[in-house]
Amino acid sequence: MSAVIIVLIILVVLVFIALIKTIQVIPQASAAIVERFGRYTRTLNAGLNIVVPFIDTIRNRIDLREQVVPFPPQPVITQDNLVVNIDTVIYYQVTDARAATYEVASYIQAIEQLTVTTLRNIIGGMDLERTLTSREDINAALRGVLDEATGKWGIRVNRVELKAIEPPTSIQDSMEKQMRADRDKRAAILQAEGVRQSEILRAEGEKQSAILRAEGESQAAALRAEGEAQAVRTVFEAIHAGDPDQKLLSYQYLQMLPKIAEGDANKLWIVPSEIGDALKGLSGALGTMGQGAPAPSFTKDVPPARREEPTVD
């Protein structure tokens, strides 16, 4: 009885193992290579798959999603004999699981070596300055070569990027000095432009200020002259309207004499020739006011030419 139970247990275990090996579940975006007695039979796609247990074996499971592989820095010599270290990143995708398994032993290593070789060929035809400024051209050329070479391996290279281009330390120091000199030059130019613009604006402001000041003075002088003319016109009209006689004019002459003598610096008087006529008129007026009394006589005529009289201290 015990032998029968042992045999049944063994049979159940064998059946369970056979079921496990018969049913193969492949995840999405994956593929599996099936070999029968060491020979390729078929490729299992995503989903539930049935294989012959103990006869069919799973050789390799391949991820069909896009992969990103960074490569370590590689020393590359430029056309002007300078060694630069270049980091690269490859974006690739397996499109044929069978070719990726049987056409190349290790497609990752093959892509890396092909990238290094192609990169050296491309950079070898460029100088350092062009290498630093032509990343897009290098990426396009590198991607074209890799995509053509890896097509038969069942791999499509989607993108190639240069992470960093590191020139020698001495070249970096020289580049930093050159960049610093360029920045100082641009700063000096900008400062000079600012000073020039400031001087131009200041000169323009002074010009506008002088023009406005001259216009203001001209308008003020015109208004002042117009006011004086108006005042003279008003006085003249007032005099004509009042119809002054000789007596009033003589009296006004006498009132102006003390004002002429004002001030300590006056040493002599300039007596106008018309003062004689004024005194005659005033004499006549005083004679009339004295009701027949003899008026002071100013019989001496003032000569037409001006005469000088001493100033009364």
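This is a predicted model: local features need pLDDT of at least 70, side-chain atom pairs count only at pLDDT 80 or more; totals for chains, interfaces and linings use all residues.
Figure 1. Side chains of opposite charge can pair when their charged atoms come close.

Figure 2. The side chains of glutamate 35 and arginine 59 form a salt bridge, with an N to O distance of 2.8 Å. This pair joins distant parts of the chain, since glutamate 35 belongs to strand β2 and arginine 59 to strand β5, 24 residues apart. Which of the classes, buried or partly exposed, applies to glutamate 35? With a relative accessible area of 9%, glutamate 35 is buried, because buried means under 20%. Arginine 59 has a relative accessible area of 45% and is therefore partly exposed.

Figure 3. Aspartate 56 and arginine 36 are joined by a salt bridge in which the closest N and O atoms lie 2.5 Å apart. Here too, distant parts of the chain are linked: aspartate 56 is in strand β5 and arginine 36 in strand β2, 20 residues apart. Aspartate 56 is buried, as its relative accessible area is 8%. Arginine 36, by contrast, has a relative accessible area of 35%, so this residue is partly exposed.

**Figure 4. A nonpolar patch on the surface.** Ten side chains can be followed in this view: Ile5, Ile9, Val13, Phe16, Ile17, Ile20, Phe37, Val52, Phe54 and Ile55 form a nonpolar surface patch. Together they present about 960 Å² of accessible area. One of these residues, isoleucine 20, is found in helix α1, which comprises residues 2–22. The relative accessibility of isoleucine 20 is 48%, so this residue counts as partly exposed.

Figure 5. The phi angle of phenylalanine 54 is near 65 degrees, a positive value in a residue other than glycine. Phenylalanine 54 counts as exposed because its relative accessibility is 55%, and exposed means over 50%. Alanine 29 lies in the loop between β1 (23–26) and β2 (30–36). Its phi angle is near 60 degrees, again a positive value in a residue other than glycine. Alanine 29 has a relative accessible area of 27% and is therefore partly exposed.

**Figure 6. The largest pocket and its lining.** The volume of the largest pocket is about 190 Å³. Rolling a probe the size of a water molecule over the atoms shows where empty space is left. Leu128, Glu129, Leu132, Ile171, Met175, Gln178, Met179 and Asp182 make up the lining. Which helix supplies the largest share of the lining? That share, five residues, comes from α6. Both α4 (128–133) and α6 (169–242) contribute at least two residues each. Sorted by class, the lining contains five nonpolar, one polar and two charged residues.

**Figure 7. Valine 83 and glutamate 166, separated in sequence.** Valine 83 is found in strand β7, which comprises residues 83–94. Along the sequence, valine 83 and glutamate 166 are 83 residues apart, while in space their C-alpha atoms are 8.8 Å apart. Valine 83 is partly exposed, because its relative accessible area is 45%.

**Figure 8. Isoleucine 108 and valine 69, separated in sequence.** Isoleucine 108 is a residue of helix α3, which comprises residues 107–123. Between the C-alpha atoms of isoleucine 108 and valine 69 the distance is 8.3 Å, although 39 residues separate the two along the chain. Isoleucine 108 has a relative accessible area of 29%, so this residue is partly exposed.

Key: Residues are numbered from 1 along each chain as its sequence is written. Side-chain values use heavy atoms; hydrogens and water are left out. Patches are made of residues with over 30% relative accessible area and no salt bridge: like charges are joined within 9 Å, nonpolar side chains (Val, Leu, Ile, Met, Phe, Trp, Tyr) within 5 Å. Accessible areas come from the Shrake-Rupley method with a 1.4 Å probe; for residues, only the protein chains shown count as cover. A salt bridge is a side-chain nitrogen of Lys or Arg within 4 Å of a carboxyl oxygen of Asp or Glu. Helices (H or I, at least four residues) and strands (E, at least two) are DSSP runs, numbered from the N terminus. Buried means under 20% relative accessible area, exposed over 50%, partly exposed in between (1.4 Å probe, protein chains only). On a 1 Å grid over the protein atoms alone, a cavity is a set of points where a 1.4 Å probe fits but cannot get out, and a pocket is an open set with protein on both sides within 12 Å along at least five of seven lines; lining residues have an atom within 4 Å of a point. Grid points are joined across faces, edges and corners, and a volume is the space filled by probe spheres set on the points. Ala, Val, Leu, Ile, Met, Phe, Trp, Tyr, Cys and Pro count as nonpolar, Asp, Glu, Lys and Arg as charged, and the others, Gly among them, as polar.
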